[in-house]
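The sequence and the coordinates come first, and the description follows.

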Amino acid sequence: MMKKQYLLLIAAGLITFISACKNETAYKTLIITGQNNHNWKASSPVLKQILDATKLFTSEIMITPEKGGDMKTFNPDFSKYKLVVLDYNGDSWSDKTNAAFLEYVKNGGGVVVYHAADNSFPEWKEYNRIIGLGGWGNRNEKDGPYVYYKNNQLVTDTSAGPGGTHGKRREFLVKTRITDHPITKGLPSRWMHGNDELYSLLRGPAENMQVLATAFADSTAGGGTMRDEPMLMVINYEKGRIFHTAMGHADEDGGPAMQCVGFIATLQRGAEWAVTGDVTQPVPNDFPSVAGVVLRPGYTEISLEEVFLKIESYDIAKSTKYLSYLQSYIRNLAGDEKGLLDLEKMMVKVLSGDKATVDAKKLLLRELSWMGSDYSVPAIKNLVQDAELKDEAEYALARLQK
Amino acid sequence: MANKSSRRDFVKRSAALAAGAFVLPQILPSSVFGRGGRIVPSDRIVIGSIGTGSQGMSNMRDFLKLTNAVQFVAVCDVDALRLAKAKETVDLANKNSDCRTYGDYREFLEKEKLDAVSIALPDHWHGIIYTEAVNKKLNVYGEKPICRTIKDGQTIVSAVKKNNIIWQTGSWQRSLPNFHHGAELAINGRVGKLKYIEVGLPDGNKGIGTPPVKDVPPELNWEMWLGPALKVPYRGVSHWDWRWILDYSGGQLTDWAGHHIDIANWGAGLEYTGPVEISGKGVYPTEGIYNVPVEYDFLCKYANGIEMRVANASRLPLGMGTTWHGDLGWVHVDRGNVISASDPKILDEVIGENEIQLYKSENHWQNFIDCVRSGKQAIAPIEPAFRAISVALLGEIAMTTGQTIVWDPEKMEIAGNTRASRLLSHPYRQPWTLPTV
């Protein structure tokens, strides 16, 4: 008895130790905000939530002095961080802070450039080399070329003209241009992005930069350049890695541009790459495709528990997203017999219960018809008597009992 | 069935009659064609259509252009408006009002005495209707893909072989010169020893969400449209857009398999075999009634070492079309008379007399009619059509299960994977069954 308690104590200690370790090994992240022509009070907590949700990062938000304030007081110790996220578009930092930031990046510090941060510091040459491309702030041909895709070819265009524009906000299609980069590997080649500003005519030094994804700026929303404009970029600056997302214009609560799973997942993946040069996160089950926008109103991925909770009241006329998620979950369990059986048991429980809708049961029967085992058969046989489910039950049995 | 002896027998008989200097009038009023028309010596092939949607009508127009070669006599569709339009088209061409109409293919097959039938239906109906038509010893012009499942396809292939009819698949790219030339260059080693083939098919579409349940329009027999597929309420999605729903189709992938995968196989000498290992990934819509993969990317390995990658065009460097890569270069073909090569000189190569000469046809529909008359095999016979769609269907299974599929192209079985094996067929809703051969 004593021995068992002793063991439990050790186990409990170990768990505490492991979780403490996990926190300590998460990458310390600094989100810099405080001045922006955009709603930084809305965006910065969302950025923190998105990054911390991966458990790879522990982020803190640092707020600069207000516009016109004493910027000398903004003096972060960058060396404490593995990642710096820029959600800042405002007054110049002090020379000392600028130098410290450059030192941080040169020494291999990771950087995420988020949306309007590429509007910032038009005069600061090294900053522009870090962000690769920028817009507004009187940027023009003196600041570097336009970079975009035209007819599926990457174009570096030195012609004269202003940098930065966007048409009316709308949902748009993002095209992956480099599919074997760690950030984009395994992502759809095309996916719909939530309602956002489509940044266009960005220009800058574009040194050591790769354009990972673009979006076509059509003319229907005004401001259309009829070019495939860069949306996701990676830049190397000495030892530092920079991930630049031109997407994610924030509304009061973040809104669709930030709730978009494509924005969330590329930000999470880009941030990890900026720190380590690699991405260990799996592509989420709800990543969008060309078929349509997928939003996470609470910024967190649906859990399997939530799927089963919702599937009981599944109404095809309202949404199919819980079923799609379940199908994706099943595919990701390929080869995991125990995982599949556990899932099958959960599905059979819903089938045998009286809470789920007919639509829900029909769809579960279709999935079980191929992924199920003998375990499902008795429950499905019971459903053959049910006039509404007879066809689907017979369909499933025809496959399962072959 | 005895009275439904093939056109070939008739041709032989009339030749014998002619040899006996037994002269019959060469031109007859169209009214004698159709029922019993075959006993009259005419060059015209008596033909009808099952399925008069966009592809069915397109084929019909191509057959009607062969004015002196075919006599269109009957049409069948589950949509009364389309049926009326089809009859109008036929009657206009025939300058009469004799085209007969049917809402039920069983009645069509029972009553009509035809030489050939042109069939263009949603894929989930192919297993039943192709097999029944072939069992009636009709020569068939059948739309690709020839089946929705491997099991349906095996049945159709057996039926065609057993009944020894002429089959032409609607894989009309075979009858275009650029595809023919590209395939001949590949199969004759002009890019060296073939190593790798890339096949780019169209990207998927934007979804439409889930439209509300609607009243079935009075012209549409929805129950018959669904047939062997699971019963679902009518949501306004039937004609054309059935292709984005897995119950009826595998999407762009299975739609186009009968074109660019078929061409790939043709030029690689793979048209009578299949891959031994298939693995890959699909991207599926997250919301709405359309559930076919909108992206797909899978790799097939063949027993002879050749590999074939099939993906939606956005994922491939050359986009749409077929590219054969050998150890000396590559050749690419696509629609719009596209043909290109790693070295343009390859395209000027002439295939010698002692090399492999691929079947040549200049008009896909004419080729079918000619073959019905001559008894010669058509340019797009049944088994290559089955092998082309099999690649797509096996890719679909690999993507659905998330597993590497091991396939025996001879026995047509998946090895050691019960789940994947179940996906080789779609059980039919009662009372429909797959006909026996």
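At what angle do the axes of α6(B) and helix α12 (residues 382-401) of chain B cross, and within what distance do they come? The two axes come within 10 Å and cross at roughly 175°. Axes here are lines fitted to C-alpha atoms, for helices over the stretch in contact, and angles run from 0 to 180 degrees between N-to-C directions. The crossing therefore makes α6(B) roughly antiparallel to α12(B), given that angles under 35 degrees count as roughly parallel, over 145 as roughly antiparallel, 65 to 115 as roughly perpendicular and the rest as oblique.

On the side of α6(B), the contact is made by B:I150, B:G153, B:I156, B:V157 and B:V160. On the side of α12(B), the residues are B:I382, B:E383, B:F386, B:I389, B:S390 and B:L393. Eight residues of this contact are nonpolar, two are polar and one is charged. Two residues are in contact if their C-beta atoms, placed from the backbone, lie within 7 Å. Ala, Val, Leu, Ile, Met, Phe, Trp, Tyr, Cys and Pro count as nonpolar, Asp, Glu, Lys and Arg as charged, and the others, Gly among them, as polar. An α-helix has 3.6 residues a turn, so residues three or four places apart point the same way.

This is a predicted model, in which local features need pLDDT of at least 70 and side-chain atom pairs count only at pLDDT 80 or more, while totals for chains, interfaces and linings use all residues. Residues are numbered from 1 along each chain as its sequence is written, and chains are lettered from A and ligands numbered from 1 in the order in which they are written. Helices (H or I, at least four residues) and strands (E, at least two) are DSSP runs, numbered from the N terminus.

**Chain B**

The domain assignment divides chain B into domain 1 (2-173) and domain 2 (176-351 + 382-422); such bounds come from an automatic or database domain assignment. Domain 1 of chain B gives 28 residues to the contact between the two, and domain 2 of chain B gives 31. On the domain 1 side, α3 (80-94), α6 (150-163) and β6 (167-169) of chain B each give two or more residues. The largest share of that side, six residues, comes from α6(B). By class, the domain 1 side has 14 nonpolar, 10 polar and four charged residues.

Past α6 of chain B, the loop between α6 and β6 holds B:I165. B:I165 counts as buried because it has 22 C-beta neighbours inside 10 Å. A residue is buried if 20 or more other C-beta atoms lie within 10 Å of its own, exposed if 12 or fewer, and partly exposed in between, with C-beta atoms placed from the backbone.

**Backbone features**

| Feature | Site | Value |
|---|---|---|
| cis peptide bond | B:K144 to B:P145 | omega near -10° |
| cis peptide bond | B:Q430 to B:P431 | omega near 5° |
| positive phi | A:F121 | phi near 45° |
| positive phi | A:N152 | phi near 65° |

B:P145 sits in the loop between β5 (139-142) and α6 of chain B, and B:P431 in the segment after α13 (418-422) of chain B. A:F121 is in the loop between β4 (110-114) and α4 (125-131) of chain A, and it counts as buried because it has 23 C-beta neighbours inside 10 Å. A:N152 lies in the loop between β5 (146-150) and β6 (153-157) of chain A; with 12 such neighbours inside 10 Å, A:N152 counts as exposed.

**Chain A**

Chain A has 12 helices and 11 strands, and buried residues make up 48% of its 402 residues. It is divided into domain 1 (2-276) and domain 2 (304-400), with 40 Å between the domain centres, taken over C-alpha atoms.

Helix α6 (residues 261-276) of chain A has 15 of its 16 residues buried, so it is largely enclosed by the rest of the structure. A:G277 follows α6(A) and has a positive phi, near 85°.**Between the chains**

Chain B gives 28 residues to the contact with chain A, and chain A gives 32. The chain B side divides into nine nonpolar, 10 polar and nine charged residues.
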